[in-house]
Amino acid sequence: MTPALPALIAHPALLAHPAHPLPAAATGAVGEPALNIAIFAVFVGVTLGIAVWVSGANSTAADYFAAGRSITGRQNGIAIGGDYLSAASFLGIAGAIALNGYDGFLYSIGFLVGWLLVLVLIAEPLRNTGRYTLADVLTYRLRRGPVRTAAAVSTMTVSLFYLLAQMAGAGALVNLLLGVSGGWEQNVTILVVGLIMTFYVLVGGMKGTTWVQIVKAVLLLIAAVLLTFWVLGSAGFDLSTLLAEASSKSPSGDAVLRPGLLYGGTLTNKINFISLSLALVLGTGGLPHVLMRLYTVPNAREARRSVAWATWLIGLFYLCTLVLGFGAMWLVGPARIAAAPGKANAAVPLLAFQVGGTLLLGVVAAVAFATILAVVAGLVITASASFAHDVFAGWVGKDGEGDPEREVRVARYTAVGIGLLAIVGGIYTKNQNVAFLVGLAFAVAASANLPTILFSLYWSRFTSRGALWSMYGGLLSSVVLIVLSPVVSGKVDPHTGASLSVITDPTIDFSVFPLENPGIVSIPLAFLLGWLGSVTSRSQVDPARFARLQVRALTAVGAAKGARR
Amino acid sequence: MTSTQPGRERVITYEAVQHSREFRQLQRRFRRFAVPTVLAFLGWYFLYVGLAAFLPDLMATRVYGRVNLGLCLGLLQFVSTFLVTALYLRWSRRRLDPLVDRLRDRLEQGGLR
């Protein structure tokens with residue numbers, strides 16, 4: 001058996017996004033589109049109200065970028081969960097389990113274990129040494145201008161790829177949930193999603209965004225836990241029964257209960273899986289929109305609590321997706337899921353429909369849209385803050401310490417620009433296989449950001465040159481390797497002859513790099529470049545600046561007043 | 001990189017703090033926890049990934065009903081992640097925070113030579 005390696009890099013979920021426009025005949029809503037839209041409208045109305053209400057005093061830069069440092073650890077942990085559990089997690093991982101069984105489950109483990117790295121090594125020193133963005137931490141001891149620009153470039157690259165994937169995901173969901181079949185209706189939906197989330201960010205700033213994420217995370221968890229209980233209850237609360245029933249419905253039979261369905265077989269396939277696992281576990285610690293959330297709490301201990309809360313919630317959620325995935329395999333059946341518009345993404349909505357009829361489907365649909373809105377809002381504020389605080393402030397010469405009011409103004413304009421970019425990009429990529437975008441985001445985050453963060457916090461001899469080599473080297477190598485991989489060109493379904501790549505013309509093939517995830521090459525390379533750039537650097541390390549970083553990172557001395565602001 | 005304490009004309013350099021006995025103790029204590037912990041959970045994670053990739057037959061060994069070793073080890077990854085999180089919270093509250101507080105108080109009063 002040659003398992004057609006699905007074009008998914010990090011989020012199995014996105015495997016689900018159809019590589020080709022679906023024939024109109026294949027589309028059709030499940031349930032009641034009017035009800036789905038009504039529930040969604042209620043959610044948007046309520047969260048917009050909250051965004052306006054909580055953001056009353058959104059006047060200073062700390063208010064706008066960091067919610068006035070007024071979010072508690074627990075609230076922030078829930079918001080981080082809301083930010084991290086994208087539609088790909090909710091619909092995608094469960095869908096991948098429903099179709100591929102055990103191998104879908106493997107993803108969720110990498111996504112979860114990655115949080116330990118954030119907890120032990122990153123969260124607290126990051127909170128103690130930075131203000132708004134990733135670049136703040138790095139420039140604490142490194143040369144300001146170039147390093148700040150590099151950090152902004154990688155922040156915006158990661159955020160933009162993540163953003164496009166979410167917008168395209170919204171387009172794919174529309175097919176199923178609102179009964180809108182391709183064409184202009186889908187574009188209108190993407191436009192509406194884009195406009196609403198830009199509005200959240202403009203009006204609510206980080207505080208409004210945070211509360212949207214909290215509301216969404218709570219709804220998502222309630223929906224997931226209730227569905228999980230229902231599925232488990234149907235199986236008599238016996239996991240073995242659930243697995244037996246589920247595997248009996250799959251054409252692969254018992255093979256869905258063991259690893260290897262997706263990532264077994266050839267050695268390339270296995271190395272690809274290890275590469276993916278590396279990117280997943282190391283990518284979380286470099287995701288700028290997650291790291292930026294750590295600045296919204298008053299101090300390092302609250303940052304620690306945030307990460308712990310996020311870990312509990314994300315872990316609980318992934319445990320639910322395991323049950324939901326096998327539940328969908330059992331109660332809906334892989335054949336129906338694969339035939340549905342949206343494919344694997346449809347597994348959970350179909351399960352909800354099976355279990356609770358149109359009302360529950362409407363709730364799940366609304367939660368899925370809420371998820372996209374909340375994640376997109378978090379990405380937009382991260383990218384716009386990075387532009388305003390790191391790039392624009394550098395242009396006007398003050399290097400991150402310029403006029404804060406102007407920074408907020410610039411960030412708002414940028415948010416509108418990024419919102420428009422996301423809408424156009426989302427419309428353009430709506431029928432593309434967008435797996436590579438999220439995969440790129442995780443691989444770039446792990447390659448471009450993580451080595452530099454760890455080196456600059458913990459290695460005394462790290463230099464600006466090391467940082468630049470590592471960031472640009474990691475960024476370029478991961479992007480170039482993805483472009484040269486089967487994800488972008490030359491992957492053909494062995495049975496149908498159809499292209500599974502982003503470039504859908506099967507005659508175009510410039511894939512010279514065999515792996516779909518570049519992590520196993522680009523991450524070690526970025527660490528190596530950081531070391532090499534530092535040891536060959538002529539400029540002396542400034543021991544005073546490293547001393548200041550180390551002392552502040554552990555004790556928050558000197559940063560305390562800023563931290564309580 | 002100096003800061004003056006108002007009231008007392010004492011200047012503290014961060015380098016002096018970095019070399020102080022208290023700070024070194026704090027740093028040592030953190031490293032003694034962090035380094036083995038990080039190595040352990042990453043090692044355990046990659047062991048699991050390696051088993052899933054290269055020994056799928058072993059992972060298919062049944063443990064209870066249809067629940068196989070692969071699923072058990074996967075669920076144990078969840079357990080270990082929760083456990084490490086809880087351990088770190090407890091350890092940092094008991095062993096790290098008091099040292100940090102003491103050191104910060106002394107620094108903010110300018111009492112460190």
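**Notes on a predicted two-chain model**

1. Let's begin with a helix pair in chain A. Helix H5 (residues 102-129) and helix H10 (residues 267-283) of chain A pack with their axes 6 Å apart, at an angle of about 35°. Their crossing is right-handed. H5(A) brings A:Tyr107, A:Gly110, A:Phe111, A:Val113 and A:Gly114 to the contact, and H10(A) brings A:Ser277, A:Leu280, A:Val281, A:Leu282 and A:Gly283. By class, the contact of H5(A) with H10(A) has six nonpolar residues, four polar and no charged. Please keep in mind throughout that this is a predicted model.

2. Of the 565 residues in chain A, 68% count as buried. If you take the contacts in chain A between residues at least 6 apart in sequence, 83% of them join residues at least 24 apart.

3. Helix H12 of chain A deserves a look of its own. H12(A) covers residues 300-331, which is 32 residues. From its first C-alpha to its last, H12(A) reaches 46 Å, close to the 46 Å expected at 1.5 Å a residue. Is H12(A) largely enclosed by the rest of the structure, or largely open? It is largely enclosed, because 27 of its 32 residues are buried. Just after H12(A) comes A:Gly333, with a positive phi of about 95°.

4. H12(A) also has a helix partner to inspect. Helix H3 (residues 73-84) of chain A crosses H12(A) at roughly 45°, and their axes come within 7 Å. That angle makes H3(A) oblique to H12(A). The crossing in which H3(A) passes H12(A) is right-handed. On the H3(A) side, the contact is made by A:Gly73, A:Arg74, A:Asn76, A:Gly77, A:Ile78, A:Ile80, A:Gly81 and A:Tyr84. On the H12(A) side, the residues are A:Glu302, A:Arg305, A:Ser306, A:Val307, A:Ala308, A:Trp309, A:Ala310, A:Leu313 and A:Ile314. Sorted by class, the contact of H3(A) with H12(A) has nine nonpolar, five polar and three charged residues.

5. A:Arg69 sits in the loop between helix H2 (61-66) and H3 of chain A. A:Arg69 is not a glycine, yet it has a positive phi of about 55°. Does A:Arg69 count as buried or exposed? A residue counts as buried if 20 or more other C-beta atoms lie within 10 Å of its own. A:Arg69 has 20 C-beta neighbours inside 10 Å, so it counts as buried.

6. A:Phe237 lies in the loop between helix H8 (183-234) and helix H9 (239-249) of chain A. Its phi is positive too, about 55°, although A:Phe237 is not a glycine. A:Phe237 counts as exposed because it has 10 C-beta neighbours inside 10 Å.

7. Moving on to H9 of chain A, you will find A:Ala244 in that helix. A:Ala244 has 17 C-beta neighbours inside 10 Å, so it counts as partly exposed. For a sense of distance, A:Ala244 and A:Tyr472 are 49 Å apart in space, C-alpha to C-alpha, and 228 residues apart in sequence.

8. Now for chain B, which has four helices and four strands. Along the sequence, the elements of chain B follow the pattern β-β-α-α-α-β-β-α. Of the 113 residues of chain B, 23% count as buried. Among contacts in chain B between residues at least 6 apart in sequence, 52% join residues at least 24 apart.

9. Finally, where do the two chains meet? Chain B gives 43 residues to the contact, and chain A gives 43 residues. On the chain B side, the elements that give two or more residues are helix H1 (14-19), helix H2 (21-54), helix H3 (56-59), strand S4 (67-68) and helix H4 (69-108). Which element gives the largest share of the side of chain B that touches chain A? It is H4(B), with 16 residues. By class, that side of chain B has 27 nonpolar, twelve polar and four charged residues.

Methods. Residues numbered from 1 in each chain as written. Chains lettered and ligands numbered in written order. Predicted model: local features only at pLDDT ≥ 70, side-chain atom pairs only at ≥ 80, totals over all residues. Buried ≥ 20, exposed ≤ 12 C-beta atoms within 10 Å, placed from the backbone. Contact = placed C-beta atoms within 7 Å. Expected span 1.5 Å × (residues − 1). Axes fitted to C-alpha atoms, helices over the stretch in contact; angles between N-to-C directions. Parallel < 35°, antiparallel > 145°, perpendicular 65-115°, else oblique. Left-handed = near helix turned anticlockwise from the far one by under 90°. Nonpolar A, V, L, I, M, F, W, Y, C, P; charged D, E, K, R; others polar.
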